[in-house]
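The following exercises concern one protein chain. Each task is followed by a solution in steps.

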Amino acid sequence: MTHEGFDAVAESTERPANHLRALFIHHGLLPYQDPHLARFETWIENKLRAVPEEIAKPVSQFATWHHLRRIRSMTTPEKSAQAPVHSAKQEITETIKFLDWLWETHQRTAASCTQQDIETWLATGPTTRKAIRTFIVFINNTGTNHRVEMGHYTAKTRPTITQDQRLAWLRELLTGTSESLPYRVAGILLLLYAQPLARVAKLRTDAVETSETNGNVRISFGAHPVPVPRPFAELLQEHLASRPNLRTGAGTQSPWLFPGTRAGQPLHSNTVMDRLRSLGIDLRGARNTALDEHLLASPPPLVADALGYSHQIAFLHADAAGDAWSRYVNLRAKP
C-alpha cells in the first residue's frame with residue numbers, strides 16, 4: 001500500500017485504485033500526492049510515446065523543465081494542481097500540433113523554425129493555436145532558437161450578457177427547479193460575485209461565516225468577507241446543511257463547500273461548468289457582466305480586494321465597462 005503500488009495497478013483498475021488512494025491520503029495513511037499532478041506525469045509519457053523523436057525531444061524538455069518543475073513547486077494540499085495542469089495540457093497539445101505541422105510541411109524543427117512559420121501557423125487556424133506562445137518563449141530563453149518571438153494574445157471580443165439576462169438567471173437559480181441545490185448555489189456565486197467556477201469549486205466551508213448575534217451571513221473570496229444578501233443567504237445555509245457526496249470516506253468533516261465524489265477532494269470545476277452550460281448560461285459573459293456591475297458601483301481596488309481579483313484585472317475590466325472611476329476623487333469630498 002504505497003503510491004508506487006497504486007501506480008502499478010492504476011492502468012488496469014484506475015477508478016478503484018484512485019478511489020482507495022484518495023481514502024488513504026485523506027486519513028493520513030499515505031503522504032499527500034496531488035492526483036492531477038500524478039496523472040499529468042503519466043499523460044506526458046503517453047502523449048509523447050507515438051511522437052517522432054524530432055518532435056518528442058523538445059516537447060519533453062518543455063513539459064519537464066517548464067511545466068512539471070513549476071507545477072511541483074506550487075502544488076500543496078491547500079493549492080490543487082488542477083488548473084495549472086489543465087493549462088499545461090493545452091499548451092503541450094498545441095505545441096505538438098505546431099511542431100508536427102512544421103516538420104511535415106517544411107522539414108524544420110523547433111531549433112530551425114522561422115518567424116514566418118509562426119505567423120503562418122497562427123494566421124491559418126483557430127485561436128487555440130495561441131497556446132504555443134509559452135513554448136516559443138521557452139525555446140528563446142533556453143537558447144534553442146533566438147530568431148523567433150511571439151507577443152501576448154489579445155482577445156478581439158469580450159463576451160457579456162445584458163443586466164436583464166443576469167437578473168433573470170439569478171431569479172431562476174434562486175427560485176426555480178431547473179437544477180439541484182449545489183449547482184444553483186455555484187451559479188449564483190458566478191452571477192452575483194463574478195467568481196470563476198474553478199475558484200467556486202475549491203471554496204471551503206470556512207469561507208462562509210454566520211453572525212451569532214444577528215444571523216447575517218458573509219463569504220470570503222479575497223482580502224475580507226463580503227455580505228450575502230437574502231434570499232441567497234438562506235439558500236447557502238440550506239446547502240451547507242445538506243452538502244452532497246459526504247459518503248466518500250471523508251464523512252461530514254469534509255472541508256469543501258462542494259465535496260467531490262473522491263475522498264478529500266472538491267467537486268471538479270468542469271462538472272460545475274458543464275451543468276451550468278447545459279442550462280444555457282454564458283459563463284464568461286455572466287462573469288464579465290457581474291464584474292462590470294460591481295465596478296460601476298465601487299472603485300476597482302475595493303472590488304479587487306473583495307472579490308479576489310488583482311488590481312490590474314479590476315482596472316482592465318473597469319476600462320472595458322466604460323468607467324475608469326475618474327470621478328472617484330471628487331466623490332470622496334462629499335459626505
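**Exercise 1. The chain as a whole**

What percentage of the 335 residues of the protein chain count as buried? State also the secondary structure, the extent and the surface of the chain.

*Solution.* This is a predicted model, in which local features need pLDDT of at least 70, side-chain atom pairs count only at pLDDT 80 or more, and totals for chains, interfaces and linings use all residues. Residues are numbered from 1 along each chain as its sequence is written, and side-chain values use heavy atoms, with hydrogens and water left out.

Step 1. Buried residues make up 41% of the 335 residues of the protein chain. Buried means under 20% relative accessible area, exposed over 50%, and partly exposed in between (1.4 Å probe, protein chains only).

Step 2. The protein chain holds 16 helices and three strands. Both are DSSP runs numbered from the N terminus: helices are H or I with at least four residues, strands are E with at least two.

Step 3. The C-alpha trace of the protein chain spans about 70 × 60 × 35 Å along its principal axes.

Step 4. Among contacts between residues at least 6 apart in sequence, 61% join residues at least 24 apart. A contact means heavy atoms within 4.5 Å.

**Exercise 2. Charges and salt bridges**

How many positive and negative side chains does the protein chain have, and how many salt bridges are counted?

*Solution.* Step 1. The protein chain has 37 positive and 32 negative side chains, with the centres of the two sets 2 Å apart. Lys and Arg count as positive and Asp and Glu as negative, while His and the chain ends are not counted. The place of a charge is taken as NZ of Lys, CZ of Arg, CG of Asp or CD of Glu.

Step 1. The count comes to eight salt bridges, a salt bridge being a side-chain nitrogen of Lys or Arg within 4 Å of a carboxyl oxygen of Asp or Glu.

Step 2. One of them joins the side chains of Glu41 and Arg72 at 3.0 Å, N to O. This pair links distant parts of the chain, with Glu41 in helix α3 (residues 35-49) and Arg72 in helix α4 (residues 53-74), 31 residues apart. Glu41 is partly exposed at 29% relative accessible area, and Arg72 is partly exposed at 47%.

Step 3. Arg158 and Asp292 form a salt bridge through their side chains at 2.6 Å, N to O. Their separation is 134 residues: Arg158 lies in the loop between α7 (133-141) and α8 (163-175), and Asp292 in helix α13 (residues 283-297). Arg158 counts as partly exposed at 29%, whereas Asp292 is buried at 9%.

Step 4. Glu179 and Arg275 meet in a salt bridge at 2.8 Å, N to O. Glu179 belongs to the loop between α8 and α9 and Arg275 to helix α12 (residues 269-279), 96 residues apart. Glu179 is buried because its relative accessibility is 12%; Arg275, at 32%, is partly exposed.

**Exercise 3. Two buried charged residues**

Which side chain of opposite charge is nearest to Arg184, and which residues are in contact with Glu94?

*Solution.* Step 1. Arg184 is placed in helix α9 (residues 181-193). Arg184 is buried yet has no salt bridge; Glu238, the nearest side chain of opposite charge, is 6.2 Å away.

Step 1. A polar atom of the Arg184 side chain lies 2.7 Å from the backbone oxygen of Leu173. Leaving aside neighbours within four places in sequence, the contacts of Arg184 include Leu174, Gly176, Glu179 and Leu235.

Step 2. Glu94 lies in helix α5 (residues 82-106) and is buried, with a relative accessible area of 9%. Apart from neighbours within four places in sequence, Glu94 is in contact with Trp121, Thr128, Arg129, Ala131 and Ile132.

**Exercise 4. Backbone geometry**

Which residues does a cis peptide bond join, and is Ala194 buried or exposed?

*Solution.* Step 1. The cis peptide bond joins Arg230 and Pro231, with omega about 10°. Pro231 is found in the loop between β3 (225-228) and α11 (232-241).

Step 1. Ala194, a residue other than glycine, has a positive phi near 55°. Ala194 lies in the loop between α9 and α10 (197-200) and is buried at 0% relative accessibility.

Note on methods
Polar contact = N/O pair within 3.5 Å; in protein donor to acceptor, adjacent residues only side chain to side chain.
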